[in-house]
Structure formats: structure tokens, C-alpha cells
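I opened a new page for this structure.

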Amino acid sequence: MVNILYIFFQLLGALGFLLYGMKLMSDGIQKSAGKSLHRVLGLMTGNRFFAMLTGMFITMLIQSSGATTVMVVSFVNAGLLSLTQSVGIIFGANIGTTITAWIVAFFGFNFKISLMAIPVFGIGYLLTNLKKLKKQNVGEALMGFGLLFLGLDLLSKSIPTLDASNVGFLAAWTDMGVISIVIGIIAGMAITVLLHSSSASTAIILTMSHNGLLPWTFAASMVLGSNIGSTIDAVIAAWGTKVNARRAALIHVMFNVTGTVLASIFLHPLLILVDALVPGPVDEHITYHIAMLHTVFNVINTMIFLPFAGQIAALAERIIKPKDDETSEVYKLDFVETGAKENAAAYIIRAEKEIEDMTGVVIRMFDRIAKGFSQRSMEFVETQMGPLTQEEDYADQMQEQLTNYLVRCSQLPMSDKLKNNVSVMLRIVDDLENMTDDCYTMGLLLQRSIEKEMIFAEEDMVRLHPYIDLAHRFLDFIRVNINQHLNEEQLSVAQVLEDQIDLMRKNLKKLARKRLESGANVKAELLYIDLVRNVEKIGDRAFSISEALAQTQ
């Protein structure tokens, strides 16, 4: 019993090194690549082949198909990717994840990688702590690389201590024909779900096979099962999201399950193909055979299904229908934690999309107000005040939930640059919500002037038109540049717009006071001044956003 417990904790510790090393390496690579890595996904075209290559490249870089598919689900949910575009990326991610198996096959067993693991970890630690070099993210990746292979070495040393009596239960399941294949698929799926990583489960399968515990066919079926288990992250990420995000997760599940079923049916021809591609006897080179199987399976699977990306997306749309409450005017932005590798940049890009949408709400509300200035009649009250009230309430919900979302983002591990950007985004959200308040206040003022039948001189209303147009130009400037860094030249453009609005406000208020002095209607002139002041507030807040954007990095 003591021996079994010792072996168990040895395996547990080795797995801890392996998983934590993978996380460190993945996070370090993602941070080093910067935000541009995630931007690539957001800039996808409708070209399914290019989408597939993008998914493959990013997954090879960050060493995690789970992280890629979680990003895809998040971006589909935010509207950055269409459902059809997500199909190609998901397919490519499955190919990209096979790189881990090849790394382990080439380096994990052919030479004493553990001798290099500790020096590599040490170099990584130095880079992480030498702030002047500004290579902390590279250091983190190297530390992860060292821990990953140290874990592999410990795993390899732990497994041989098992004798025939301890692994007899395993041998009993490996030579039962079709039943063995099914059991292998279930085992591979279960390990991957538990570890939240198909790369880690594949590394374990490779280690056990290298040490003679798994025969070729059983190991192959476990690899196939790991592909089904790898969908768990996408399923978790899709929980509580919009309809298209849930469909993207379903596509990932359908693709991997269907591919695994087909590969199981044609397993023996598939193994013969792999044997032909990898020279040498299977027993002597089983790790290369497993790595090749992982690659061939995902490549063939992608070749079969990629031409039908549009049809697959359409099938997902038929299966998953929108919920009844998804057409309501209630805003919902959940911070979905997968329990796997959380990446701050992916969450921030989601928030940027929501801020862009909030800017659109402000502009729609101001457009309604502009109509009220040009056509001050009961028609404005009947057709525009209802939507204005709904949009103002919606913006309040956006502010509350976006603020909470960004605060949660700020608690994730991130660089000082990203922390600064999150702070800027919080300020922008506050300014945008204040703009919607200003628009709604102007709507109420216009409604009062109409219902009270207040009379303004025609030339006074005409003078407001260029003032309104100037504020609208400033809002368009914000819309075009939202979520982007403003350089000095762009900030000077914002300053000019702000100064022009201030000057026009001063002139309009001076004219209103002169009318008051000459005996004009007091209530009408004070309301006119309030309208002028609220338009000027829009300009102030637009300039505040411009200053905030200039502070982004």
C-alpha cells in the first residue's frame, strides 16, 4: 500500500510539473507575441483556407488548441468573427495542437532533456527578474519549457516503477478487439477532460507507450479519445454566451466527435498508413508513430470537412436556436472563467468590441436629438423619446456590466501596459455613459419645449445647426478612433474640435442673454441655454475620451 501511495504521489507531482510547465510556456509565448496575436483572429476574412492556417499557426505558437478555441468562442460571441469564419480556425487549431506530440517525441526521450531542463529554467528565471532586459515574458516561456520537460522526465521515471502486478488491470483491456478501442477512446477522453489539455494527455500517452505499458492500437485509440476530450474548454467557454458562440462550440464538438468515429471505423487502415509514413518497427519508434497518427488524423479530418464549412455552420444554426430572451433589450456581459488558461488579452479584446458598440449607442442617441433640433414637433416626442429612454437604460446596463467585466480583467495576470489600458477603458466607459445621460437630458428638454409650446426665433434655431454638426463631427472622430492610440497630431485635431465647440457655446449663450435683456421669454431662453450647455458637455466628454486614448500603449 505504501509503495502504491508513493507511486501515486510521484505521478501526481510529475503531472504537476508537466501541467504547470505547459501553462507557463503557453502564457509566456502569448504575452511575448502581444495583442497582435489575438488581432489576427479578429481580422479574418471569409477565406476558409486562410482561417484554417491562422488557427493552426496560433495554436502551434501558444501550444494549446483549448486556448485558441476559447478565444474563437469569445470572439464569435463578441461579433468579431462570423460563425463560418470560426469553422476554419477550429479545424486549424486541431492540426496545430499536434506540434506538442512531435516536441515530446523528438526531445522527450531521445536524450537526457532533464539535464537541460534545470539550466533552461534558471536562464528563464534570470530573464524574468532582470527588469532592465524587458524579457520577462520570454523568461516565463523558458521557465515553462524547463518545467515541462522536467515533468516528462519525472513521469517517465515514475511509470517504470510499476510492475506487472500493478499494471495487470491495464493489460486486461488492451487485447479485446473493438472493445479495447472503445475503452481506449473513453480513457483518452476522460484524461483530457480531467487535465483540460489534449497536449498533456498526449504527452502522458507517449510516455506510457515509450515505457511499454500501452500497445500501439490501444495508444492510438486513446489519442483519438483525447480529441473529443479537448472540446471541454470550448463547451465551458460557451456557457451562457450568445447563440453564435454556442454554435461555434457545437461545431468544435461535432468536428472532433465525427472525426473520431470515422477514424475508429477505419482505424486499422489508418494505422497501416501511419506505419508506412514512419520508418522502422512500431515497437522501437512508437512515440513517432503516435505523433504521426495525431497529425495524420487531424489533417485528414480537416481535408474532409473544410470544403463544407458553410454547410457545417448552417447545420449548427439548425440545431441551436436562439433563446426567447436573446431578442430582448437586456444587456448581458458575463466574465466566463474556463478554469483553464485565462488570457487577459482575449478578454480585453472582447471588452473593446463592447465599448465600440457603446459608442454606437451614443451616436444613435445623438442622431435622434439632432432630428429634434431640426424638426421640433410632437412627432419627435412620439417617435424618438421611447427609443431614447430604452437606449439610455441599455447604456446604464452596459456601464454597470462593462465596469464589472473590466475590473475582473484587471485581476488577471497581465503586463503593466495592459493594466494601464484597462484603466483607460474604465474611464472611457464612464464618459460614454455620461454622454448618453446628456443626450437623454436634451431629449427631455426638447420634449418640454414642444409640450409647453415654447417659441424660439427661427434664426436662433438655425444658429444651432452648425453647433450640432460640430458635436457630431467630434462623435464621429471618437467612433473612428475608439480603442486606438491617438498620436499628438490626432489629439491636436480633437483639441481644435473642442475649442470650436467652446467658442460657439460662448457666442450662443451671449446671444441668449442679450435676448433676455431685451425682454424675451425667460423660460424659453433658459431652456435654450440648457440645450446649448448639454451639447457642449458632449464635446467635453469627447475630448476626455480623446485624452484617454492618447494614454493607451
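**Cysteines**

I looked for disulfides, taken as pairs of cysteine sulfur atoms within 2.5 Å, and the count came to 0. This is a predicted model, where local features need pLDDT of at least 70, side-chain atom pairs count only at pLDDT 80 or more, and totals for chains, interfaces and linings use all residues. Residues are numbered from 1 along each chain as its sequence is written, and side-chain values use heavy atoms, with hydrogens and water left out.

I checked burial next (buried is under 20% relative accessible area, exposed over 50%, partly exposed in between; 1.4 Å probe, protein chains only). Cys 409 counts as buried because its relative accessibility is 0%. Cys 439 is also at 0%, so it is buried.

**Cores**

I then looked up nonpolar cores (buried Ala, Val, Leu, Ile, Met, Phe, Trp, Tyr and Cys residues joined through side-chain atoms within 4.5 Å). The largest has 73 residues; Phe 373, Ile 428 and Phe 474 touch the most other members. Among the helices (DSSP runs of H or I, at least four residues, numbered from the N terminus), those supplying at least two residues each to this core include H18 (344–374) and H23 (522–550). I noted a second, separate core of 36 residues, which includes Phe 218 and Ile 290.

**One residue**

What does Phe 474 contact, leaving aside neighbours within four places in sequence? With contact meaning heavy atoms within 4.5 Å, I found Leu 497, Ile 501 and Phe 543 among its partners.

**Surface**

Val 261 lies in helix H14. I list Val 261 as partly exposed because its relative accessibility is 44%.
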